[in-house]
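I opened my notebook next to the model today. Here is what I looked up, entry by entry.

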Amino acid sequence: MKRNIQLPTSNPSTSLRTGFQHLITNLQSLIPSPQSLISNLYLLIPLLLYAPALTLPFFWDDVANFQHLFGKSIVQVWLDSKGFPYYRPFTFTLWYAMQKIFGATNTVPFHALNVITLLALAWAVSKLAHKLTRDSLVAFIAGTFMGVFPFAALVVPLVASLFHLLVTLCAVLACLAILEFESTQRLRWAIIAIMLSIVTPFVHESGVTVSALMAVCLSAALLIRNAKNFSAFFAKRLSAVKSFFVVIIAFLFNLIAFFIWRSIPKDQGSFEWVG
């Protein structure tokens, strides 16, 4: 006796409708909520303030930095700093890539990078403030103050000042990463914190202090959360111990970066660019 076996069939219209609904759901998830837009409104202020910087030319310090790049390869940028009083290869690598992509005389991308870095810095400061205080208003105020900080008016329009914006951004992100690791114990945050501690000294020499800043932020977070009995909390909270261990690893990398900085040939002339 032969049996008729019926294979399951799918309705093409039903499958199409389901796929379309999934697509709509995914697209809707990309649209920020009104609450999210309001909470990030502080980013609009520095954007409006510094948008005119995109029309500016290069200035004297910019040209001096780009002259240091002229005729060099990426390897040379990382192995010596002859002709320049500082060793900041990571930032020069960014400029090197931008010159190759956009051209060395195209000013707009370089000014845009400074503005974007400032916006990212305001966002990171806001997130760090929220992580420390759990207060949305404090986070909003911190991000706003970072974005409209008056002395930034001397920094953002000058392409050469990317050093200062970027090293501050990396330091704040490292602090944010160590706090995320302490609260979630996810290994990726520890790796991000350590990677930032490795990179930051090569953005600007002041980056060797990033591990100290991480320790300060971590201690502040633990103190705020457990102000009444900090010592007892630290003794029994393994996540805090692990987090400080990550900070120690970051410190060791900062120490290595310092000795690398000392060993790299630099211009030892009497003249130095400010900052």
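**Entry: Lys131**

Which residues does Lys131 touch, not counting residues up to four places away in sequence? I found Leu176, Leu179, Glu180 and Ser183, where contact means heavy atoms within 4.5 Å. Lys131 is found in helix 7.

**Entry: ground rules**

I noted that this is a predicted model, in which local features need pLDDT of at least 70, side-chain atom pairs count only at pLDDT 80 or more, and totals for chains, interfaces and linings use all residues. Residues are numbered from 1 along each chain as its sequence is written, and side-chain values use heavy atoms, with hydrogens and water left out.

**Entry: the whole chain**

I read 13 helices and zero strands in the protein. Helices (H or I, at least four residues) and strands (E, at least two) are DSSP runs, numbered from the N terminus. Of the 275 residues in the protein, 40% are buried. I also looked at contacts with a separation of 6 or more: residues 24 or more positions apart account for 77% of them.

**Entry: helix 6**

I checked the length of helix 6, residues 89–102. Its 14 residues should span 20 Å at 1.5 Å a residue, and the end C-alpha atoms are 20 Å apart, which agrees. The expected span is 1.5 Å times one less than the number of residues.

Which residues of helix 6 are buried? I listed Pro89, Thr91, Phe92, Trp95, Tyr96, Met98 and Gln99. They pack against helix 4 (60–69), helix 5 (74–79), helix 7 (107–133) and helix 9 (162–184). Just after helix 6, Gly103 takes a positive phi of about 100°.

**Entry: the cores**

I looked for nonpolar cores, meaning sets of buried Ala, Val, Leu, Ile, Met, Phe, Trp, Tyr and Cys residues joined through side-chain atoms within 4.5 Å. The largest has 53 residues, and Trp95, Leu128, Ile178 and Met214 have the most contacts inside it. Helix 9 supplies the largest share of this core, 15 residues.

Leaving aside neighbours within four places in sequence, Trp95 is in contact with Asn65, Phe66, Leu69, Phe110, Val159, Ala160, Leu162 and Phe163. A second, separate core of seven residues includes Val115, Leu119, Ala152 and Leu165.

**Entry: two partners of helix 9**

Where do helix 6 and helix 9 stand relative to each other? Their axes come within 10 Å and cross at roughly 115°. Axes are lines fitted to C-alpha atoms, for helices over the stretch in contact, and angles run from 0 to 180 degrees between N-to-C directions. Helix 6 and helix 9 are therefore roughly perpendicular; angles under 35 degrees count as roughly parallel, over 145 as roughly antiparallel, 65 to 115 as roughly perpendicular, and the rest as oblique. The contact is made by Phe90, Thr91, Phe92, Leu94 and Trp95 of helix 6 and Leu162, Phe163 and Leu166 of helix 9.

Helix 9 and helix 11 pack at an angle of about 45°, with their axes 9 Å apart. These two helices are therefore oblique to each other. On the helix 9 side, the contact residues include Ala171, Ala174 and Ile178; on the helix 11 side, Met214, Cys217 and Arg225 are among them.

**Entry: loops**

I found Pro85 in the loop between helix 5 and helix 6. Pro85 is buried because its relative accessible area is 6%. Pro85 and Pro265 are 180 residues apart along the chain, with their C-alpha atoms separated by 9.2 Å.

Most residues other than glycine have a negative phi. Arg134 has a phi near 60° and is found in the loop between helix 7 and helix 8. Arg134 is exposed, with a relative accessible area of 55%. Gln185 also has a positive phi, near 60°, and lies in the loop between helix 9 and helix 10. Gln185 is partly exposed, at 29% relative accessible area.

Note on methods
Buried < 20%, exposed > 50% of the residue type's maximum accessible area, 1.4 Å probe, protein only.
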